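Me: I have a structure open here and would like to talk through its side chains with you. Can we go piece by piece?

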Amino acid sequence: GLLQSLPRSRKRVETPPASHRKRLRADTTLATLKPFLLKNKPLRVLDVGAGHGAFALELKGAHPKANIIGIEPDARAVGAWAGKPGFTWLNARVEDTRLEAEGFDLIHSCHTLQHLKSAREALLAHRSALAPGGYLFLEVPNIAMLSARDIVDEFFRDEHLYHFSARTLSRLLISCGFRTIAIANPRDAANITVVAVNGHATASEIPSDP
């Protein structure tokens, strides 16, 4: 049920550029997560594709006790946040990183899943890394954007390996053992934004979608 791109330039896929979109989405992301995060809890946070650290810095401002690990393979994108107290930067791709089992109260993945070699394997790894009661924040581009009359961006970029609709992302999350508890804005044609928790057992196969 997913759309998959065949990249023309392998180099661009291996080293995706840092996206300015993550910086633009940091405030919205924090507002979406606010009902779920206890103010004074020392959160253990994984920021997948941390980039310039926009979300990490926003979260740290709202939750000073948070301990944030940011995974970012592009050293050019990493700013001063990486050296501040309470932050750890891993210069690696998430596919090559062994995550601590049940090690995180929050996993933040904003416009990263579409870059990875296997969306399913990444989500299964995230599920194993979530502590009991932990949250997965996931945002990806919405293929509904293609229906916009004023679209000027190239949607099928080389560095985007997967493309999602709200339905296909929901089915993928279910098959990976997640239960969606919040959808930020179902009418957003540019982004699909969900908060999920560990739900049931994973499925080895996804039933066909009529």
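This is a predicted model: local features need pLDDT of at least 70, side-chain atom pairs count only at pLDDT 80 or more; totals for chains, interfaces and linings use all residues.

Me: Is Phe156 buried or exposed, or something in between?

Reply: Phe156 counts as partly exposed, with a relative accessibility of 39%. Together with Leu3, Leu146 and Ile151, Phe156 makes a nonpolar surface patch of about 320 Å².

Me: OK, changing topic. How many disulfides are there?

Reply: Zero disulfides turn up when the whole structure is searched. Cys110 takes part in none, and the nearest cysteine sulfur to it, which belongs to Cys176, is 19 Å away.

Me: Now the charged residues. How many salt bridges does the structure hold?

Reply: There are five salt bridges in the structure. One of them is formed by Glu139 and Arg25, whose closest N and O atoms are 2.9 Å apart. Glu139 lies in strand 6 and Arg25 in helix 2 (residues 20-33), so this pair ties together parts that are 114 residues apart in sequence.

Me: Are the two partners buried or exposed?

Reply: Glu139 is buried, with a relative accessible area of 0%, and Arg25 counts as buried as well, at 14% relative accessibility.

Me: What else does Glu139 touch?

Reply: Leaving aside residues up to four places away in sequence, Glu139 touches Arg25, Ser109, Cys110, His111, Thr112, Asn191, Ile192 and Thr193. With Thr193 there is also a polar contact of 2.5 Å between the two side chains.

Me: How far is Glu139 from Leu169 in space?

Reply: Their C-alpha atoms are 10.0 Å apart, while in sequence Glu139 and Leu169 are separated by 30 residues.

Me: Back to the salt bridges. Which residue does Asp105 pair with?

Reply: Asp105 forms a salt bridge with Lys41, and the closest N and O atoms of the two are 3.7 Å apart. Asp105 lies in strand 5 (residues 104-110) and Lys41 in the loop between helix 2 and strand 2, so the pair ties together parts that are 64 residues apart in sequence. Asp105 counts as buried at 8% relative accessibility, whereas Lys41 counts as partly exposed at 37%.

Me: Which residues are linked in a network there?

Reply: Lys41, Arg44 and Asp105 are linked in a network of salt bridges.

Me: And what about Arg93, which partner does that one have?

Reply: Arg93 forms a salt bridge with Glu95, with the closest N and O atoms 3.2 Å apart. Arg93 is buried, its relative accessible area being 12%, but Glu95 counts as partly exposed at 30% relative accessibility.

Me: Let's move to Asp47. Where is it, and is it buried or exposed?

Reply: Asp47 is placed in strand 2 (residues 44-48), and it counts as buried, with 1% relative accessibility.

Me: What surrounds Asp47?

Reply: Not counting residues up to four places away in sequence, Asp47 touches Phe55, Ala56, Ile68, Ile69, Gly70, Ile71 and His108. The side chains of Asp47 and His108 are joined by a polar contact of 2.6 Å.

Me: Last topic, the backbone. Which residues have a positive phi without being glycine?

Reply: Glu102 is one of them, with a phi of about 50°, and His111 is another, with a phi near 55°.

Me: Where do they sit, and are they buried or exposed?

Reply: Glu102 is found in the loop between strand 4 (87-90) and strand 5, and it is partly exposed, with a relative accessible area of 47%. His111 is in the loop between strand 5 and helix 4 (119-129), and this histidine is buried, with a relative accessible area of 3%. His111 is also among the residues that Glu139 touches.

Terms used:
Residues are numbered from 1 along each chain as its sequence is written. Side-chain values use heavy atoms; hydrogens and water are left out. A disulfide is a pair of cysteine sulfur atoms within 2.5 Å. Patches are made of residues with over 30% relative accessible area and no salt bridge: like charges are joined within 9 Å, nonpolar side chains (Val, Leu, Ile, Met, Phe, Trp, Tyr) within 5 Å. Accessible areas come from the Shrake-Rupley method with a 1.4 Å probe; for residues, only the protein chains shown count as cover. A salt bridge is a side-chain nitrogen of Lys or Arg within 4 Å of a carboxyl oxygen of Asp or Glu. Buried means under 20% relative accessible area, exposed over 50%, partly exposed in between (1.4 Å probe, protein chains only). Helices (H or I, at least four residues) and strands (E, at least two) are DSSP runs, numbered from the N terminus. A polar contact is a pair of N or O atoms within 3.5 Å; within protein, one must be able to donate a hydrogen and the other to accept it, and residues adjacent in sequence count only if both atoms are side-chain atoms. Contact means heavy atoms within 4.5 Å.
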